[in-house]
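Q: Can you walk me through this one? I'd like to start with the ligand and then move to the sheet.

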Amino acid sequence: MAAPPSADQDYKTNLLSLLIANDALAFGTFTLKSGRQSPYFLTSSRLYTAPLLRQVSAAFANTISSPPFVNIAADGSITPNFDIVFGPAYKGIPECVGVVNELATRDALAGTKTWDNISYSFNRKEAKDHGEGGNIVGAPLKGKRVLIVDDVIIAGTALREAVGIIQKEGGTVAGVVLLFDRQERVSDTEQKSAIGAAERDLGGDIPIRAVLVFQDLIDKLGDKIGQEEVRRLEEYRNTYKAQ
Ligand SMILES: O=P(O)(O)OC[C@H]1O[C@H](OP(=O)(O)OP(=O)(O)O)[C@H](O)[C@@H]1O
Ligand SMILES: O=C(O)c1cc(=O)[nH]c(=O)[nH]1
């Protein structure tokens, strides 16, 4: 008899099912920014329904509340290695707010104060020249350890911009958590994935993790999308897998 799925497998499978049901994850033939023809596409601008926001936030929170983003003591108590969850405009904004709300909800349910000192922050794409001004909304970044959340990295442009904003404001980048890692090499001359290349380009000591990875689609979606789609995913992986 097959082993029952762990809680970890369950939340990923449930999230994948919801993504598909809301057309945020689709299968077919899609042209990517790189020009490749992909058998699947993640459209994260569709993560706007209440159940999806809840499950995406919960999935981010699961990753964020694990090492290397926290230290876990022998008694199980958790100490975050960051002060602020930062979401690059625009799609990072609901993600940073959602995840901070989720962490606070977990504290409230457990009667703990693990996340009491965690805040959210995001940038404006255009600086505000009246009222409070500036281009940061939420917690000031100066002197803080900042964890970036976003949906995907493709060419790394948005991540480089976010890192620049945080450093300019006097913060330190403590890590990056993405919703999805496509696990494919950037190009024929860059054998690493976009995440691997970003990790290297940021100096090698800033951890970058993803909530879901491409291999999860192959491992978990057989009975939902059919064997022919899984075969196309495997073929794509075998052609473009990152080193
Ligand atoms: O690695 P890159 O090539 O930069 O691509 C990834 C970024 O692109 C998308 O956002 P976009 O910049 O389109 O902005 P939006 O969130 O306002 O849609 C996505 O949400 C990432 O932030
Ligand atoms: O490579 C891309 O352009 C890309 C892939 C994907 O799955 N989702 C997305 O928004 N862009």
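A: What follows goes from the ligand to the sheet and then to the helices.

A: This is a predicted model, where local features need pLDDT of at least 70, side-chain atom pairs count only at pLDDT 80 or more, and totals for chains, interfaces and linings use all residues. Residues are numbered from 1 along each chain as its sequence is written, with chains lettered from A and ligands numbered from 1 in the order in which they are written.

Q: Which residues come nearest to ligand 1?

A: Y90, I154, A155, T157 and A158, out of 14 around ligand 1. A residue is near if its C-beta atom, placed from the backbone, lies within 6 Å.

Q: Which helix gives the largest share of the shell?

A: Helix α4 (residues 157–168), with three residues. Helices (H or I, at least four residues) and strands (E, at least two) are DSSP runs, numbered from the N terminus.

Q: OK, now the sheet. What is the order of the strands?

A: The order is β7-β6-β5-β8-β9-β10, an open sheet of six strands with mixed pairing. Two strands pair if DSSP finds at least two bridges between them.

Q: Which are the edge strands?

A: β7 (134–138) and β10 (208–213), each of which pairs on one side only.

Q: In what sense do β8 and β9 pair, parallel or antiparallel?

A: Parallel, over six bridges between β8 (residues 145–150) and β9 (residues 172–181). I148 stands opposite V176 in β9.
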